[in-house]
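This report describes how two protein chains meet. Please look at the sequence and the structure before reading on.

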2 protein chains.
Amino acid sequence: MGMEYQLFYWPSIQGRGEFVRLALEEAGVAYLDVARTKGGMENMLAALKADAHPSLAPPFLKAGDETIGQTANILLFLGARHGLAPRRAQGRLWAHQLQLTIADLVSEVHDTHHPVGIALYYEDQKKEAKRRAEEFIASRVPKFFGYFERMLTRPEHRGVYLLGARLSYVDLSMFQMIEGLRYAFPNAMARLEPGYPGLHKLHAHVAARANIARYLASPRRIPFNEEGIFRHYPELDEPAA
Amino acid sequence: MGMEYQLFYWPSIQGRGEFVRLALEEAGVAYLDVARTKGGMENMLAALKADAHPSLAPPFLKAGDETIGQTANILLFLGARHGLAPRRAQGRLWAHQLQLTIADLVSEVHDTHHPVGIALYYEDQKKEAKRRAEEFIASRVPKFFGYFERMLTRPEHRGVYLLGARLSYVDLSMFQMIEGLRYAFPNAMARLEPGYPGLHKLHAHVAARANIARYLASPRRIPFNEEGIFRHYPELDEPAA
């Protein structure tokens with residue numbers, strides 16, 4: 001196919017795979033979103049079993065004879081190869097630390113609609129989801145957003161991105177986090193976002209990047225839906241102001 | 001102090017810091033467990049605010065002028081410096097992928113006693129915790145343990161450790177996972193463990209390593225308790241066989 005990369009992820013959701021898609025799109029490299037091709041799901045499920053370095057779950061990425069799993073790990077790999085992370089080891093570790101902090105928040109987003117059990121339906125844990133979502137909005141989003149906003153507004157900080165003037169994969173993930181939370185909790189986000197002008201600006205700058213804007217307008221961008229990580233259940237959001 | 005490293009973590013629990021402590025102990029390097037020293041807590045809380053690369057939460061590690069946060073990221077750093085990870089980039093990514101998979105399971109362990117809210121007391125979410133713990137024991141532990149056991153028992157695998165004959169930081173973390181689950185869910189683990197002979201053997205080999213055995217017998221090893229990640233609430237375990 002002449003494709004440099006094969007991405008393996010569930011074909012009908014953004015999910016964790018989207019953090020990888022955004023990096024591949026920004027880098028402008030050719031990749032095949034395997035499970036969205038004919039026979040691709042079988043291919044993906046087989047790779048989960050048979051690969052030399054199999055993943056417990058998607059996403060994973062094939063690059064030549066390497067297979068790399070775990071979202072943050074894939075970004076560590078892609079960031080180094082495509083100028084989406086600092087060159088020096090110290091900067092790379094810092095970028096990765098921020099990415100792992102975003103990953104922690106991603107897990108907490110998922111827990112808002114599945115607090116009691118991953119295997120249970122949302123409908124069977126709605127009451128618990130409501131309690132968890134309330135705490136998430138009241139204290140977890142402010143804790144994480146406050147931290148990232150602080151990184152963007154320290155006196156020594158230059159530029160709109162988390163590491164400074166140059167975009168990194170961390171910014172792409174932060175864009176996706178804001179995008180996803182706006183979808184899932186529109187009322188809460190409308191209230192909260194003005195408190196984080198640095199993050200707001202970062203989001204706008206990422207959205208306006210040529211490769212990202214083109215991607216978001218393309219059919220390759222799967223719309224948010226209620227099967228992914230960011231789900232819009234109006235009853236979990238706060239009331240409109 | 002002549003200490004090569006300063007570890008910053010809560011002074012009264014094993015928690016996520018323990019995965020770092022085990023790597024430092026195995027490496028046999030001098031480190032200061034800062035928050036366990038006089039005035040150390042104030043020192044840690046100040047560093048969370050003022051450091052050039054602050055963490056959202058402990059653990060974090062100071063090494064010279066670098067500060068590194070996020071457990072898996074700290075292990076990525078220490079693994080490369082102390083022979084606790086493969087030398088080649090591909091092997092390092094694979095080790096890190098396994099570590100991030102263990103980190104996912106660590107989060108799920110925490111959710112067994114705090115499914116509804118991190119800020120709430122366990123006592124206010126006991127019923128939900130029971131539901132979550134049941135699923136955790138019935139399907140999540142077998143899913144993760146099955147995956148790691150498969151890594152240990154593939155035909156091409158050599159040696160008792162996850163990457164083969166040589167110990168890596170991943171094995172230290174897997175040891176801690178098994179140790180913690182035995183503490184939290186003794187009855188369930190007594191039933192489940194015989195199904196994972198490879199993991200059982202890995203655990204025994206790590207426990208018998210000179211530096212680890214010495215550490216476990218020392219006062220530096222904080223006993224498990226009901227403030228950490230692995231908590232023994234008998235009502236969340238299954239009944240004794």
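The text below treats the symmetry of the pair and then the interface.

This is a predicted model, in which local features need pLDDT of at least 70, side-chain atom pairs count only at pLDDT 80 or more, and totals for chains, interfaces and linings use all residues. Residues are numbered from 1 along each chain as its sequence is written, chains are lettered from A and ligands numbered from 1 in the order in which they are written, and side-chain values use heavy atoms, with hydrogens and water left out.

Chain B is superposed on chain A by a rotation of 180° with 0.0 Å of shift along the axis, at an RMSD of 0.0 Å (least squares on the C-alpha atoms of residues with pLDDT of at least 70 in both copies). That is the relation of a two-fold axis. In chain B, the C-alpha of Pro115(B) is the nearest to the axis, at 2.6 Å.

Contact (heavy atoms within 4.5 Å) joins 47 residues of chain B to 47 residues of chain A. Since 100% of the interface residues of chain B are also interface residues in chain A, the copies meet through the same surface.

| Item | Value |
|---|---|
| Buried area (accessible area, 1.4 Å probe, lost by two parts on being put together, summed over both) | about 4,200 Å² |
| Share of buried area from carbon and sulfur atoms | 51% |
| Salt bridges (side-chain nitrogen of Lys or Arg within 4 Å of a carboxyl oxygen of Asp or Glu) | four |

One salt bridge links the side chains of Arg132(A) and Asp111(B), at 3.8 Å from N to O.
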